[in-house]
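Visitor: I'd like to hear where the labels on this one come from. Can we go through them one at a time?

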Amino acid sequence: MQDNCSIEMRNVSKTFGRIKANQDVSLKIYKGEILSLLGENGSGKTTLMNMLSGIYFPDEGQIFVNGKPASITSPKDALKQGIGMIHQHFKLVSVLSAAENVILGLDGSLMLDMKEVSRKITEICERYHFNVDPDKKVYDMSVSEKQTLEIIKVLYRDADVLILDEPTAVLTPQETERLFDVLREMRKDGKAIVIITHKLHEVMELADRVAVLRKGKFVGELMVKDTNPQEMTNMMVGRTVMLNIDRPEPVNPTERLNIQGLTVINEDGVKKLDNVSFTAMGGEILGIAGIAGSGQKELLEAVAGLQPIKSGSIIYTPENGESEDLVGKTPMQIKNAGVALAFVPEDRLGMGLVGGMGMTGNMMLRSWQKGKGMFVHRSDPTALAEEIKEKLEVMTPDINYPVRRLSGGNVQKVLVGREIATAPSVMMSAYAVRGLDINTSYTIYNLMTTQKMKGTAVIFVGEDLDVLLELCDRILVLYDGKVSGIVDGRTATKEQIGLMMTRFEGEGGEKNE
Amino acid sequence: MNTIVSLLYNAVLNGTPLMFGTMGEVLTEKSGNLNLGVEGMMYMGGAIGLAGAFYYEKMAGSAANGIVAILIALLLAFIAGAIGALIFSFITISMRANQNVTGLALTIFGTGVGQFIGEYMRTKEGGYVVVGNGLKNFFQASPFPKALQDIPVAGKLIFGHNIFVYLGIIIAVIMAIYMNRTRFGLNLRAVGESPATADAAGINVTRYKYLATVIGGGISAIGGMVYIMTIAGCVWNHEGLAGEGWLAVALVIFCLWKPISAMWGSTLFGALLIMYLRVRLPIPSEIYKILPYVVTVAVLIITSLRKKKENQPPESLGLSYFREDR
């Protein structure tokens, strides 16, 4: 294997402020192999790879490319060394066309020759069976098209090492399958591929070797053919973790939300929800599946009172109370009635948390009305922050450390933990585990199930279909703002939901149940 | 007919300083920097440009050459604006300070420097700073032969303007080609839209931001010089530029960050600025004079309603960039 070594990292360390992101990590990456980098949130996977792609520069340690020491101080250096990274949040300029994005930053003649660029892109597309129009603007592209474009960008630069940071997080099962085929094709071409993912079944399916990081340190590596998800998880977490989701039968489900004919038109005049009808039961988890942007966000926001509603009704029945229509109520009234929303947007700080504040400050955002007179209460939020830090194992130097400086997964724990703490009677969460590691994800699934057993109606918008199928009692599938069907979580298959996500199967409603 | 020709002619004349101010700011904003110091840079350009021409004439006496005087004024104005923009760049790009505050500070600073130099010259030279008639003619007359200018209507409108009008058009065309057709222009647009993307693609974000802002500041400052040397009659007055720089900032939005549109936009605003002199309307002249500012407000409201993606400001406009931020 020695000759095949493409990249070697030797004793690499990187510190951010008070947080040690990587400590003394040594790692080898081989040609013609798919390496999967595993680790919990904040274990430093992305940081480690960012040092290869030139975003960060290591504080200590050395990097060898093809056996020669290399100093990678900028993304340009990385590209020169043949290293290309596809970031979790795509690095594309949305007002530019596909071709313009591809040649961004490349050296060459002063005047642009877009025809030649398009020709080369078409060549790459034919080689790997992509389907991308070089003149299409990025803002018109779907998530999977954008990702394809990112891959083309790297291939156009003749990269030999491809790093993908959670590439499947936003893809449908079919798109994921396509991506894996492409990656296998590249492996055949002798390229070295590193993939960061939390989905262990994907690792089993795709990778040859896994390297595990824990709290910034390298803890070991395994050959995929000799291991199993349980062993990998234990290695990641450092102790034995139960890898199944408990799904007790719903106890005495009662109707909490009854939504009829909900239609929402956004400010651009686009219909985001079209005649959506369903019920959410107390004591049950209702999953919502769909391709990103199918109306999940609008649906939850409409219920929470954050979206103007064109037509339809949202009848809410509290545990021992009168039914009332939530349409036309203010977000504050809805929240006080017991409907909570934990929305994790793509940029986790965008909604719900204030980046510059610590955990305590962010807890207070939910309780600021509770103080006496003009003063706020500080002790309760502090206690809550401590509790969340304990229970969800938030990695932070202390609870007043600005949440902006925590890693993505930790930020999310803070957000979800706070929403659950309000003990609502309808609990809505979107992408609650987006980007979270396996251990924390299971903590959150269990929290959802606990809520369900308390009689809460849980609405869970998720991305990972395997999880939705394991966790939810019923799954509502959205397609382009319409209800494409509602299926039973215990009997439905992944393929069935995948198909429903990509095409509308008539007036599905509850018929598929 | 004569009224219309005269209105159009004067619209171009009065729009030229705005055109330079706008083009400079377009270049700056394309790199994602919102430099609100245009007024200040134009002030410095105006005062220092005038000073250059004035002292050159004083030294050279009757041997003073018009072309040399124009070049000196252009160069000094450009350098003055570039220095102002360099201060802005250092504070906002390297130090990552807030761009709005820094820009406002630059306006105050530049206005002060301009006024100081202008007033200093005035008191030093006996209360009145003006360039001699010979040189003045170079700054204000058309560079084309009389025969061309004498063609009815078209002669005045096409060949009758001062040299800065044509210089501005040349710069606008070059900028348009640069931004839309060249590799560097594409990189610059990427920097303004998404510096993180540009950085990951290997573009030196800091260098692009500095260069665009400094050159943009220089071009804006030329507008101030053009104002003093043409409209204001080569003389320093207390009013200075009367808010031309702020109109330029608004014009950038009106022109959708396109240099070619800066030509039409500045001509339109040039017309609005002088309409009260040329077209009589039965309203008090004080109200008539505020027309350009009212239109500015209306334009900002209307343009903010536009939805098309291409017509939006550069996405990271006004934000500072730090690669290792998380």
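Guide: The buried residues of α9(B) pack against α3 (98–103) of chain A, together with α1 (2–30), α8 (163–181), α10 (195–200) and α11 (205–231) of chain B; contact takes C-beta atoms, placed from the backbone, within 7 Å. Helices (H or I, at least four residues) and strands (E, at least two) are DSSP runs, numbered from the N terminus. This is a predicted model: local features need pLDDT of at least 70, side-chain atom pairs count only at pLDDT 80 or more, and totals for chains, interfaces and linings use all residues. Residues are numbered from 1 along each chain as its sequence is written, with chains lettered from A and ligands numbered from 1 in the order in which they are written.

Visitor: What makes helix α9 of chain B largely enclosed?

Guide: Buried needs 20 or more other C-beta atoms within 10 Å of a residue's own, while 12 or fewer is exposed and in between is partly exposed, with C-beta atoms placed from the backbone. Eight of the 11 residues of α9(B) (183–193) are buried, so the rest of the structure largely encloses the helix. Among them are Leu186(B), Leu188(B) and Val191(B).

Visitor: Why are β1 and β2 of chain A called paired?

Guide: Because two strands pair if DSSP finds at least two bridges between them. β1(A) (5–16) and β2(A) (19–30) have eight, antiparallel; Thr15(A), for one, is bridged to Lys20(A).

Visitor: And what makes β6 and β10 of chain A edge strands?

Guide: The open, mixed sheet runs β6-β7-β8-β3-β9-β10 in chain A. β6(A) and β10(A) each have a single partner strand, so one side of each lacks a neighbour in the sheet.

Note on methods:
Two residues are in contact if their C-beta atoms, placed from the backbone, lie within 7 Å.
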